[in-house]
Amino acid sequence: MRIAEGVEMLELAEEGAAEGHAFCAALIWDEKDAVLVDTGVPGMLPVLKKALEKAGVPFPMINRVFITHHDFDHLGGLPEILETAEKKVEVLAHEAEKPYIEGKKNLLVKLEKVTKMLPAAEREKEINTYLSRQTVTVDTVVADGQELPYCGGITAIHTPGHTPGHLCLYVKKAKTLIAGDSTVAQDGRLAGPIDLFTVDMQEAYKSLAKLAEYDIENVICYHGGLVRGNIKEQIMELVKRTK
Ligand SMILES: [Zn+2]
C-alpha cells in the first residue's frame, strides 16, 4: 500500500494466514536508496519480493535494512535477504538491540512471560528455538534522535519497553512513523503495546509519550497496519489511560 511518495507499507502474509494477519513491513526509497524496515519470518523472501515488485522497487534495489528489534517476526527473514542479495546490504539497528540481534545476549525474561502457559516440554522447546536462532551482524548502530541523511531524512527514535533496544523511525518527507511493536493497530486506531509480548510496559508507555512530540500523519504498525488521523491525540489518550 502506497502511504506517500517514496513510502510504502508492505503487507507480508504467510501462506494460509487469516485476513488482517499480515506483517506490515515498510519501505522507504528515493532515486539513490531503498530502505526496508523489518523482514517477516524465515521463508518469506518470495512474498517480500512480490510485494517489492508491486511497489515498483524490485528486490535488487534494497541497499539497507533496519531492524526495529530482534523478535523473530521482524528479523527472521533477514539472513535470507543477506544471502540472496547480490550486493552488500547494510543492516542497521539501535545500539541497545545489537547484542540481541547478534545473539550475544538473550531476552529470556520476555520468552518466559510468553510461554508461561505452555507445558514444561513445549516451553523448553520454545526457549531452545530462541537460543539457537539464526543471528546476523549489525553493520551500523544508530542512537536515539539520530538523523539519517537518506530518503529525505529519517529520524531514529529509541523506544524501549517492548525490548530494550526497540527503535521507531520517523520519515520526515511523509510525516510517517514506522512504529514497529511500540504500538499495535486495531480497527484503524492505535491500541498501545501488547502486555504479553512486552518486556516493560511502563517503559513502553513512556516511549509512546515520546512519539507524541513528532508531527505524524501516518503510522505504520507492524501488527495491524496503517493508522491515520489525530495521531497525537490517540497517543496522548493511550498514555493517559495508563496513569
Ligand atoms: Zn512483532
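Two strands are taken to pair if DSSP finds at least two bridges between them, and helices (H or I, at least four residues) and strands (E, at least two) are DSSP runs numbered from the N terminus. The model is predicted, so that local features need pLDDT of at least 70 and side-chain atom pairs count only at pLDDT 80 or more, while totals for chains, interfaces and linings use all residues. Residues are numbered from 1 along each chain as its sequence is written.

**View 1. A six-stranded open sheet with mixed pairing.** The strands follow the order β8-β9-β10-β11-β14-β15. Because β8 (147-148) and β15 (225-228), at the edges, each have a single partner strand, one side of each is left without a neighbour in the sheet. Within this sheet, β11 (residues 176-180) and β14 (residues 218-221) run parallel and are joined by four bridges, and L177 has V219 of β14 as its bridge partner.

**View 2. A seven-stranded open sheet, also of mixed pairing.** Here the order is β1-β2-β3-β4-β5-β6-β7, with β1 (2-4) and β7 as the edge strands, each pairing on one side only. From one strand to the next the twist averages 25 degrees, where axes are lines fitted to C-alpha atoms, for helices over the stretch in contact, and angles run from 0 to 180 degrees between N-to-C directions. Helix α1 (residues 45-55) packs on this sheet and touches β2 (7-12) and β3, its direction making about 150 degrees with that of β2; residues are in contact if their C-beta atoms, placed from the backbone, lie within 7 Å. Strands β3 (residues 23-29) and β4 (residues 34-37) pair in the antiparallel sense over four bridges, with V37 of β4 as the bridge partner of A26.

**View 3. Strand β6 and its two parallel partners.** Four of the five residues of β6 (residues 90-94) are buried, that is, they have 20 or more other C-beta atoms within 10 Å of their own, with C-beta atoms placed from the backbone. Three bridges join β6 to β5 (residues 64-66), where R64 stands opposite E90, and three bridges join β6 to β7 (residues 140-142), where A93 stands opposite V141.

**View 4. The crossing of helices α7 and α8.** The axes of α7 (residues 201-211) and α8 (residues 231-241) come within 9 Å and cross at roughly 155 degrees, which makes α7 roughly antiparallel to α8 (angles over 145 degrees count as such). The contact is made by Y205, L208, A209 and L211 of α7 with I235, L238 and V239 of α8.

Methods:
Angles under 35 degrees count as roughly parallel, over 145 as roughly antiparallel, 65 to 115 as roughly perpendicular and the rest as oblique. Two residues are in contact if their C-beta atoms, placed from the backbone, lie within 7 Å. A residue is buried if 20 or more other C-beta atoms lie within 10 Å of its own, exposed if 12 or fewer, and partly exposed in between; C-beta atoms are placed from the backbone.
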